[in-house]
Amino acid sequence: MKKYTFSSERIHPFLAAGLTGLFSLLLMGSGIYLYLNPQLPNVEQLREIKLETPLQIYSRDGKLISEFGEKHSRPLHYDEIPPLFVKAFLAAEDDNFFNHQGISLKGLARAFVDIAQTGSIQSGGSTITMQVAKNYFLTSQRTFSRKFTEILLARNIEQALSKKEILELYVNKIYLGQRAYGIGAAAEVYYSKNVNQLSLAEMAMIAGLPKAPSKYNPVVNAKRATERRNWILGRMLSLGYIKRADYEQAIITDTGVRFRTLVDEVNAPFLAEMVRAALTARFDEKVLGAGYRVFTTVQSGTQNAAVTAVNEGLLAYDLRHGWRGAENTKRSLTQLSVAGGLWPAQVTQVARNSIDAILRDGRKVTVNWSGLSWARPYKSVNSLGGYPSKASQIVAVGDIVRLKQVGNSWVLRQIPNVQGQLIALNPETGAIEALVGGFDFGVSQFNHSIQGWRQAGSTMKPFIYALALERGFNPYSTVNDSPLTVGNWSPSNSDGRFMGPITLRRALYLSRNLVSVRLLQAVGVERARTYLERFGFIDKELPKNLTLALGTAQVVPLQMATGYAAFANGGYRVNPYFIERIEDVSGKVLFQAKPEQVCKPCDDPAIANEMIVTTPPPTEIVGEGSQMTVIEPPQPITPVVSLPDYPIAKRIMSEKASKQMANILRDVILHGTARSALKLGRSDIAGKTGTTNEAKDAWFAGFSPKMVAVSWVGFDKPSSLGRVEYGGFAALPLWTAFMKHALAGTPDRWIDGSSGDNNAPSTPRTPSTETVPASDSPTDTTQTAEPTPQAVPEDIF
C-alpha cells in the first residue's frame with residue numbers, strides 16, 4: 001500500500017496559516033464555551049419576567065392624569081401586536097427570524113470581520129433572539145466575550161421558548177427613545193395612540209428606532225428618522241410584506257409625530273403629586289415601577305374646568321395690575337416651558353401697533369394692538385402708569401415674553417406673581433371633585449390647597465354664628481352693631497360705620513365685624529375653639545382671644561372645604577379623600593375607598609321608618625292529605641331594620657342649625673357681599689366671602705347641595721393684593737367660573753328639595769338693593785406669622 005506523507009513544502013503557507021487559525025478559533029471557542037456555559041443564566045426565567053411599568057394615575061372616568069417611573073412601558077401580548085407591525089420589525093432587524101435557530105451566520109461573519117479589523121464589534125450581527133438575550137441578561141458593552149455569551153444564550157432561548165414568545169419579549173423590552181420601552185409605550189409617546197391605531201408609516205418609523213434611538217428619533221431629527229423609515233418601507237416592499245401602492249402612499253407621509261411630553265387628558269399635576277407622595281410613603285419608591293393603576297376621585301371635565309377657572313382668574317387679576325416687562329431669564333427660548341397656557345416667545349420685530357414673535361416650537365406669530373394695548377406699566381398694586389401709544393413702549397426686539405392664543409389671535413400676557421387655588425368636595429362623601437394647587441405646577445410645586453396656611457378672614461364667621469344658633473340664638477335674634485372696646489382693642493367694621501341693632505341673618509350677609517365679636521363673647525372663646533375642631537380645624541392654629549371672630553385662625557383651603565360641607569349636607573362631618581381605588585398590573589383591586597357617608601335617615605326618627613324592610617314569618621301548614629290546611633302569617637309583619645352597607649358620617653351640628661346657616665349663607669349671594677354669583681342664574685348656591693387685613697388674602701367658600709368649593713387668591717409672601725381686591729372681587733370669580741361648569745345640567749334644587757328657610761319667617765327671595773360694604777376685611781386684627789407648611793395629611797386616602 002502506498003503511503004502518503006505531508007511536508008511543509010507541499011502545503012501552501014496561506015493554507016497552513018488558515019488551518020492553524022481555524023484550529024485556534026475552534027480550541028478557543030471550545031474553551032470559552034466550557035468556561036461560560038455553566039455561568040449562563042437560566043432562560044426559563046424569561047417566562048416569569050415582570051417588566052417595569054410606571055405608576056399610572058387616572059381620573060374617576062378613566063382618563064390618564066400622570067405617570068411616575070423611570071421607564072415608560074406598556075407591555076403587550078403577541079396577539080395584541082398588529083401583524084404588519086411584526087413585519088416592519090422583521091424588515092428592519094431580522095427578516096429570517098422565523099427560520100433561523102437564533103443565530104445569523106452572515107451577521108456573525110460580519111461581526112468577526114469587525115473584530116479582525118478594529119479589535120471591537122461595530123455592526124453587531126445580532127438577531128432578534130440575540131437582542132432578547134442582551135436586553136434581559138447582558139450589558140450593551142461591545143466585546144467578544146459578551147457577544148459569545150449572547151450567542152450561547154440565544155441558542156438556549158430558542159430551545160426554551162417559541163418564536164412568538166421571543167418576539168413578544170423583544171417588542172416589550174427594546175428601548176425606543178424618549179423613555180419609551182417597548183412598542184406599546186412608543187406608540188403613546190410619539191403618536192398618542194395605541195398600537196392598533198398606528199398607520200403603516202408610523203409602524204415603520206417606530207421599527208426604525210432600535211438601531212439608534214437617539215439618531216433616528218423623529219422628535220430630535222425628523223429628516224434622518226424619515227430616511228430610516230423609508231428604507232424600512234422599501235425592505236417591506238422587497239420582501240413582499242406590503243403592496244407598492246401602500247409603499248408609495250407611506251413614503252410621502254410626514255412624520256405625523258404627536259409627541260406627548262406631558263399627559264394632557266386631565267390637568268391635575270398637584271393631585272398626581274399627592275397620589276405619588278401617599279403611595280411612596282406607604283410602599284416606598286418601588287411602587288413607581290410596579291405598574292399600579294390609581295383611580296382618583298376627580299372627574300376629568302370638572303378638574304379641567306377648575307384649572308381653567310383658576311388660571312383665567314389669576315390672569316384677570318394680573319391684567320388689572322399692569323405690565324411688569326419682559327421676562328428676566330438667562331435660559332434660551334427652547335429651554336422655557338408653556339405655563340398656564342402661556343407660550344414663551346421671542347420678539348423678532350416691533351411695528352407701531354403690532355409685534356412679530358417666534359414661539360418655542362418655531363412657529364411665527366403676530367400680536368396685534370388689541371392684544372397689546374392693555375399693558376399699562378405696573379407701579380404698585382394700587383398704581384399704574386398711562387396707556388401705551390405704540391408697541392415699542394411695551395417690548396423690544398429680542399425680548400422674551402409670554403403669549404396666549406385666544407381663538408385665532410395671539411395676545412400678550414405674563415406669568416402672574418400672584419397665586420391662587422381651588423378645591424371642591426362632594427359634601428355627602430368627602431371625595432375631592434377637583435383640586436388646583438396653584439397657577440402652574442411647573443412654575444411652583446407648592447400645593448396651596450393642602451399646604452397653604454393662611455388667615456381665614458370672614459370665611460370663619462359662619463362657624464361662630466353656627467355655634468350661636470346651637471346655643472339658643474336664631475337667624476332673627478338682634479345683636480348691636482355698635483362700637484366695642486375690650487382692653488386696648490377696639491375692633492371696627494370695614495366701612496368704618498355702625499348699623500345699630502341688626503339681625504344675625506343680615507349681620508352675616510353684610511359681614512359686620514362687631515356682631516361677630518359680640519357673638520363670640522356670648523358663646524365663649526374656649527367653647528368656640530372646641531366647636532371648630534369638630535369641623536376639621538386644628539386647635540393650635542386657633543387664637544385664644546376674640547380676634548378668632550374676625551378670622552385670624554390659620555387654615556388651609558382643604559380644611560375650609562371640609563367645614564363648609566357640614567352646612568351643605570345637613571350637619572355631618574365628612575373626611576376628604578382623593579384615591580378611589582388601586583389596581584395592580586393585572587387589574588386586581590388592591591384598595592377600594594370606603595368613606596364615611598352622610599345617611600340622613602340613620603339619625604332622623606321622622607323618616608327612619610323608610611329604612612325598615614319586612615320579612616314575613618314562614619307560612620304554616622297543618623294536617624295531611626285532604627285535611628291539609630295552609631295558615632297565612634298574621635299581620636302586622638315583624639319589622640327588621642336594614643342598615644346602610646357603608647360607614648356612616650358623624651353628626652357634628654344639629655340639622656336645624658345647619659339648615660339655618662345654609663339659608664343665611666344663601667342670602668350672602670342674594671343680598672350680600674357675593675352678589676356677583678347671581679350671574680349663574682341659580683337659587684341653590686350659598687357661601688361667604690373673606691378678606692384679611694390689607695387684603696393679603698381673598699377667599700370665597702361656597703356650596704350647592706351637591707358640591708362644596710373654596711377659592712383663595714394671595715401672594716406666597718403675604719402682602720396686599722390691592723385696595724379693591726376683596727374676596728368678592730378677587731376670589732369669587734374663580735368660584736363662579738368653576739361652578740358654572742360643575743353645576744351644569746344639575747337640577748336647581750335647594751337643600752332637601754326646599755325652596756326657602758323652613759326654620760324662619762318667609763322673606764323675599766330677590767336681591768337686596770341696600771348698600772353692601774365693598775369689603776368684609778377685619779380692620780383691627782394682628783397678622784400672625786405663617787406656620788411651616790405641612791405635607792399631605794396622613795388620613796386623606
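Let's start with S511, which is buried, with a relative accessible area of 3%. This is a predicted model, and S511 is found there in the loop between α15 (504-509) and α16 (513-523). The backbone angle phi of S511 is near 55 degrees, a positive value in a residue other than glycine.

Now turn to S192, which also has a positive phi, of about 55 degrees, although it is not a glycine. You can find S192 in the loop between α7 (183-191) and α8 (200-207). Is S192 buried, exposed or partly exposed? With a relative accessible area of 34%, S192 is partly exposed, because that value falls between the 20% limit for buried and the 50% limit for exposed.

Next, have a look at β11 (residues 400-406) and β12. These two strands pair in the antiparallel sense, over five bridges.

How many of the five residues of β12 are buried? Four of them are, and this strand (residues 409-413) is therefore called mostly covered, with buried meaning under 20% relative accessible area.

## Aromatic rings that meet

A pair of aromatic rings is described by the distance of the centres and the angle of the planes. In this model the count comes to 18 aromatic pairs. One of them is formed by F97 and F98, with 5.0 Å from centre to centre and 75 degrees between the planes. That pair is edge-to-face, because an angle over 60 degrees counts as such.

Where do the two partners lie? F535 is in the loop between α17 (525-534) and β18 (554-555), while F567 is in helix α18 (residues 557-569), so the pair ties together parts that are 32 residues apart in sequence. Both F535 and F567 are buried. They also belong to a cluster, in which ring pairs link F463, Y531, F535, F537, Y564 and F567.

## Charges over rings

Rings can have charged neighbours too. Which residue has its charged end over the ring of Y216? That residue is R228, and its charged end sits 5.6 Å from the ring centre. Over the face of Y572 you can find R651, at 4.3 Å from the centre of the ring.

## The chain as a whole

Of its 797 residues, 51% count as buried. The chain exposes about 37200 Å², and carbon and sulfur atoms supply 52% of that area.

How do contacts connect the sequence? Take the contacts between residues at least 6 apart in sequence: 71% of these join residues at least 24 apart.

Conventions: Residues are numbered from 1 along each chain as its sequence is written. This is a predicted model: local features need pLDDT of at least 70, side-chain atom pairs count only at pLDDT 80 or more; totals for chains, interfaces and linings use all residues. Side-chain values use heavy atoms; hydrogens and water are left out. Rings of Phe, Tyr and Trp (its six-membered ring) pair if their centres lie within 6.5 Å; planes under 30 degrees apart count as stacked, over 60 as edge-to-face and the rest as tilted. Helices (H or I, at least four residues) and strands (E, at least two) are DSSP runs, numbered from the N terminus. Buried means under 20% relative accessible area, exposed over 50%, partly exposed in between (1.4 Å probe, protein chains only). A charge sits over a ring if NZ of Lys or CZ of Arg is within 6 Å of the ring centre and within 35 degrees of the ring normal. Two strands pair if DSSP finds at least two bridges between them. Contact means heavy atoms within 4.5 Å. Accessible areas come from the Shrake-Rupley method with a 1.4 Å probe; for residues, only the protein chains shown count as cover.
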